[in-house]
Amino acid sequence: MSMYGRDPWGGPLEIHAADSATDDDRSRNLQDYDRAALSRPLDETQQSWLLGPGEQKKKKYVDLGCIIVSRKIFLWMVGTLLVSGFLAGFITLIVKTVPRHDHPHAPVDNYTLALRKALMFFNAQRSGKLPKHNNVSWRGNSCLQDGKSDPSTLMKDLVGGYYDAGDAIKFNFPASFAMTMLSWSVIEYSAKYEAAGELNHVKDIIKWGADYFLKTFNSSADTIDRVVAQVGVGDTSGGSTTPNDHYCWMRPEDIDYDRPVTECHSCSDLSAEMAAALASASIVFKDNKAYSQKLVHGARTLFKFSRDQRGRYSAGGSDAALFYNSSSYWDEFVWGGAWLYFATGNTSYLQLATTPGIAKHAGAFWGGPDYGVLSWDNKLTGAQVLLSRLRLFLSPGYPYEEILSTFHNQTGIIMCSYLPVFTSFNRTKGGLIQLNHGRPQPLQYVVNAAFLAAVYSDYLDAADTPGWYCGPNFYSTDVLRDFARTQIDYILGKNPRKMSYIAGFGIHYPKHVHHRGASIPKNKIKYNCKGGWKWRDSSKPNPNTIVGAMVAGPDKHDGFHDVRTNYNYTEPTLAGNAGLVAALVALSGDGSAKIDKNTIFSAVPPMFPIAPPPPAPWKP
């Protein structure tokens with residue numbers, strides 16, 4: 001008979017009744033087992049069971065919980081750790097007490113230092129509600145009623161943008177050129193901006209300008225019939241005493257007079273330049289797809305308007321004609337068309353920019369005393385360099401090659417004209433090139449030429465071209481960079497007066513900059529229209545340094561008068577500082593960072609040049 005139970009380790013547990021025994025039998029059996037067990041030698045553990053705790057031998061191992069190690073090894077490890085800790089502390093003590101001889105980082109070059117300051121000028125020129133990070137302590141919100149206070153304009157929100165110079169007028173024509181130049185410099189030299197720690201800063205500056213331009217026309221429409229040309233007026237001719245931005249000398253924050261809005265309905269030059277500004281900015285912000293497309297759409301609308309409604313924005317004796325008169329709109333057609341091609345890849349814009357008739361009207365073939373001088377008025381030289389870039393790197397061929405090769409050759413001639421071995425332009429005794437032939441305010445033209453020379457030399461280097469020809473003579477690209485350096489070095493202080501023409505840079509710089517906000521203290525006192533005249537006429541230095549502002553510059557004899565009321569010497573402008581920034585970033589750094597060859601072509605599709613038409617059949 002048997003019973004079955006469950007073995008907790010699996011299987012049946014079987015108990016036989018026949019196996020049951022008395023207690024005496026079990027006792028005898030256990031004694032037999034004990035004798036059998038004691039007949040075998042006992043190991044150390046078994047002996048410890050029998051001897052009890054008092055008779056245990058000293059352990060040779062240490063139980064650390066997760067592992068058991070030899071006592072000798074454990075003591076050796078502990079000793080090693082203690083000795084190591086002592087040595088580490090002793091070495092640290094020596095390092096702390098011995099004098100250090102640090103090797104300083106390579107000093108930042110002057111061009112980078114000046115670049116950081118030159119960008120700050122744009123912060124000081126901001127209009128509207130300022131961002132928290134504007135970093136110009138003496139500036140505040142200003143002109144928050146722009147647009148609303150003029151019932152004649154359809155554009156009611158014109159808050160923002162930049163004041164042009166030492167006044168509070170917002171001129172779209174030079175401001176849009178300034179933004180285009182800044183965008184061009186970012187497209188070419190974003191790595192240098194990044195190295196200088198200024199990439200985000202310059203992009204903020206461009207976006208501030210672009211956002212304002214989008215307010216000055218119906219940017220959501222495909223077709224428009226008007227564009228805002230300026231906000232504020234400055235005409236004081238005829239002895240007018242009506243308060244305006246030139247008659248009054250006030251901080252922008254305190255302006256309480258009316259600021260008229262000027263619109264134009266046939267302004268090809270202005271709208272094409274604004275199109276260039278938005279198109280170039282769209283490339284800068286190409287990683288922000290929605291914003292970039294918004295800029296491209298606005299650029300297309302503006303350029304269409306410029307082509308449909310022909311005319312100069314400053315025609316007819318307008319206020320703009322007194323300060324920023326445009327001589328032609330054909331150069332803006334080439335310039336704007338080139339930028340729209342790069343922004344969109346649409347070859348219709350390239351066809352327009354390379355149309356021989358437009359190039360002829362723009363002055364590409366007839367020269368003149370100002371040929372080769374890039375400015376807020378004439379962009380032909382900039383367009384020639386920009387389209388030479390296209391030929392160097394993409395070589396689109398027919399049907400664009402005729403004008404592209406012409407522009408490329410003309411760019412070479414222009415670069416030759418900058419060199420001191422030729423006499424196209426005079427120079428002062430101190431070495432400053434006279435691109436405006438001795439007229440006042442020369443520096444704005446000099447910085448643009450320095451940028452073009454530097455960027456074109458980088459184009460040639462990137463295309464593995466060591467130089468270019470001026471007639472029979474070959475010149476290396478180093479010659480161009482030397483020209484750019486000598487001109488910028490003059491502005492930074494290497495001149496007969498040993499002074500910097502950038503406020504806040506160097507030791508000796510202009511202290512009486514022609515600028516309303518910088519010349520009036522921020523002291524919680526509101527000076528009215530005429531109340532600020534005492535600050536305008538004061539011989540004391542400005543209470544606020546407008547850091548980074550490049551003044552108009554010296555005369556043709558290297559002379560300079562640091563007088564606030566003489567704007568031909570001491571007034572800074574947006575367009576001038578934009579060229580300065582572009583030239584400085586092109587020259588900055590240690591030479592390791594080069595131009596960005598490809599970003600400008602991001603929207604350009606692969607090009608498959610078509611074959612030119614066959615020649616006419618031969619006839620006897």
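## Basis of the model

Residues are numbered from 1 along each chain as its sequence is written, and side-chain values use heavy atoms, with hydrogens and water left out. Because the model is predicted, local features need pLDDT of at least 70 and side-chain atom pairs count only at pLDDT 80 or more, whereas totals for chains, interfaces and linings use all residues.

## Overall make-up

The protein chain has 20 helices and 9 strands; these are DSSP runs numbered from the N terminus, with helices being H or I of at least four residues and strands E of at least two. Of the 620 residues in the chain, 51% are buried. Here buried means under 20% relative accessible area, exposed over 50%, and partly exposed in between, with a 1.4 Å probe and protein chains only.

A contact is defined by heavy atoms within 4.5 Å. Among contacts between residues at least 6 apart in sequence, 72% join residues at least 24 apart.

## The largest pocket

The largest pocket holds about 730 Å³ of space. A pocket is an open set of points on a 1 Å grid over the protein atoms alone, where a 1.4 Å probe fits, with protein on both sides within 12 Å along at least five of seven lines; lining residues have an atom within 4 Å of a point. Grid points are joined across faces, edges and corners, and the volume is the space filled by probe spheres set on the points.

The lining comprises 31 residues, of which D167, H246, F323, Y567 and E571 lie nearest the pocket centre. Two or more lining residues come from each of α9 (319-323), α15 (443-462), α18 (533-536) and α20 (574-587). By class, the lining has 16 nonpolar, 9 polar and 6 charged residues; Ala, Val, Leu, Ile, Met, Phe, Trp, Tyr, Cys and Pro count as nonpolar, Asp, Glu, Lys and Arg as charged, and the others, Gly among them, as polar.

The unreviewed UniProt entry carries the annotation "active site" for D562 and E571. From this set, E571 is part of the lining of the largest pocket. UniProt positions are given in the numbering used here, feature names are shortened, and annotations may be inferred rather than shown by experiment.

D562 lies in the loop between α18 and α19 (567-570) and is partly exposed, with a relative accessible area of 25%. Beyond its neighbours within four places in sequence, D562 contacts Y509, P510, K511, H512 and T570. The D562 side chain reaches the backbone nitrogen of K511 at 2.8 Å. E571, in the loop between α19 and α20, is buried at a relative accessible area of 15%. Not counting residues up to four places away in sequence, E571 touches A165, G166, D167, H514, M550, V551 and A552.

N244 occupies the loop between β6 (227-231) and β7 (261-264) and is buried, with a relative accessible area of 5%. A polar atom of the N244 side chain lies 3.0 Å from the backbone oxygen of D235, and a polar atom of that side chain lies 2.9 Å from the backbone nitrogen of H246. Leaving aside neighbours within four places in sequence, N244 contacts V233, G234, D235, T236 and Y257.

G579 is found in helix α20 and is buried, with a relative accessible area of 0%. G579 and S375 are 204 residues apart in sequence and 9.1 Å apart in space, C-alpha to C-alpha.

Notes. A polar contact is a pair of N or O atoms within 3.5 Å; within protein, one must be able to donate a hydrogen and the other to accept it, and residues adjacent in sequence count only if both atoms are side-chain atoms.
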